[in-house]
Amino acid sequence: MEFIVDGMLGKLARWLRMLGYDTKYSSRMSDDEILKAASEEGRVILTRDYEFFKRANIHGVKAVFVEGETNAEKLADLSKQININLEININESRCPKCNAKIASIRKENVKDKVPESTYRFYNEFWECSSCGQIYWKGSHWKKINNTLRRAKQIYFTH
Ligand SMILES: [Zn+2]
């Protein structure tokens, strides 16, 4: 499943990329451009705009009207509607910034690219194949997993 996300769901796009889903997002794309790209590239549209959701349906383009306020609620909703996976496998992850694949990189190769304390403390690093951003399982990693745990709880209890 590949996605295209409307301008209101930029944060969700980052989550989907971390979860490994190819997700197109630009805050500058018009509804017409999103419809066109979705139909040409076979992407599922994710939107918070009910009118746009209906329009996509009329055009025969698969779209999901995303409900929920928090990221966890939105992810749980998507999991319920289209069965997205709520588990991160970092070897499948895409760069949340640019959607390209990230790949494991040897520690010694990031020495000049991350803060010194990070280099000392962590041993596993990943690099985006397109924008070069370096990732590691830092303090934010805990928050990411908390949000996913919360999403799973919502999924199972609602
Ligand atoms: Zn990137």
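Visitor: How many helices and strands does the secondary structure of the protein chain come to?
Guide: The secondary structure of this predicted model comes to six helices and seven strands, and when read along the sequence the chain follows the pattern β-α-β-α-β-α-β-α-β-α-β-β-α.

Visitor: And what box do the C-alpha atoms fill?
Guide: Taken along the principal axes, the C-alpha atoms fill a box of roughly 55 × 35 × 20 Å. Of the 158 residues in the chain, 28% count as buried.

Visitor: Which domains is the chain divided into?
Guide: The division is into domain 1 (3–82) and domain 2 (102–157), and the C-alpha centres of domain 1 and domain 2 lie 25 Å apart.

Visitor: How many residues of domain 1 are in contact with domain 2?
Guide: Eight residues of domain 1 are in contact with six residues of domain 2. On the side of domain 1 that touches domain 2, the largest share, seven residues, comes from α4, and the residues of that side divide into four nonpolar, two polar and two charged.

Visitor: Let's stay with α4, then. Which of the α4 residues are buried?
Guide: In α4, the buried residues are A72, K74, L75, A76, D77 and L78, and the buried residues of this helix pack against α1, β4 (63–65) and α6. As for its geometry, α4 has 12 residues and reaches 16 Å from its first C-alpha to its last, close to the 16 Å expected at 1.5 Å a residue.

Visitor: Changing topic: in the largest nonpolar core, which residues touch the most other members?
Guide: That core holds 28 residues, of which V5, L12, L16, I45, L46, L75 and A151 touch the most other members. The elements giving two or more residues to this core are β1 (3–5), α1 (10–18), α2 (31–41), β3 (44–47), α4 (71–82) and α6 (139–157), and the largest share, five residues, comes from α1. This core also draws at least three residues from each of domain 1 (3–82) and domain 2 (102–157).

Visitor: What does A151 touch?
Guide: Not counting residues up to four places away in sequence, A151 touches A72, L75, A76, S79 and L86. There is also a second, separate core of six residues, which includes I102, F125, W126 and C128.

Visitor: Last topic, the open sheet of three strands: what order does the sheet have?
Guide: The open sheet has the order β5-β6-β7, with antiparallel pairing. Because β5 (102–105) and β7 (134–135) stand at the edges, each with a single partner strand, one side of each is left without a neighbour in the sheet.

Visitor: How many bridges join β5 to β6?
Guide: Four bridges join β5 to β6 (residues 125–128), and these strands run antiparallel. In this arrangement I102 stands opposite C128 in β6, and I102 and C128 are both included in the second, separate core.

Note on methods:
Residues are numbered from 1 along each chain as its sequence is written. This is a predicted model: local features need pLDDT of at least 70, side-chain atom pairs count only at pLDDT 80 or more; totals for chains, interfaces and linings use all residues. A nonpolar core is a set of buried Ala, Val, Leu, Ile, Met, Phe, Trp, Tyr and Cys residues joined through C-beta atoms within 7 Å. A residue is buried if 20 or more other C-beta atoms lie within 10 Å of its own, exposed if 12 or fewer, and partly exposed in between; C-beta atoms are placed from the backbone. Domain bounds come from an automatic or database domain assignment. Two residues are in contact if their C-beta atoms, placed from the backbone, lie within 7 Å. Ala, Val, Leu, Ile, Met, Phe, Trp, Tyr, Cys and Pro count as nonpolar, Asp, Glu, Lys and Arg as charged, and the others, Gly among them, as polar. Two strands pair if DSSP finds at least two bridges between them. The expected span of a helix is 1.5 Å times one less than its number of residues.
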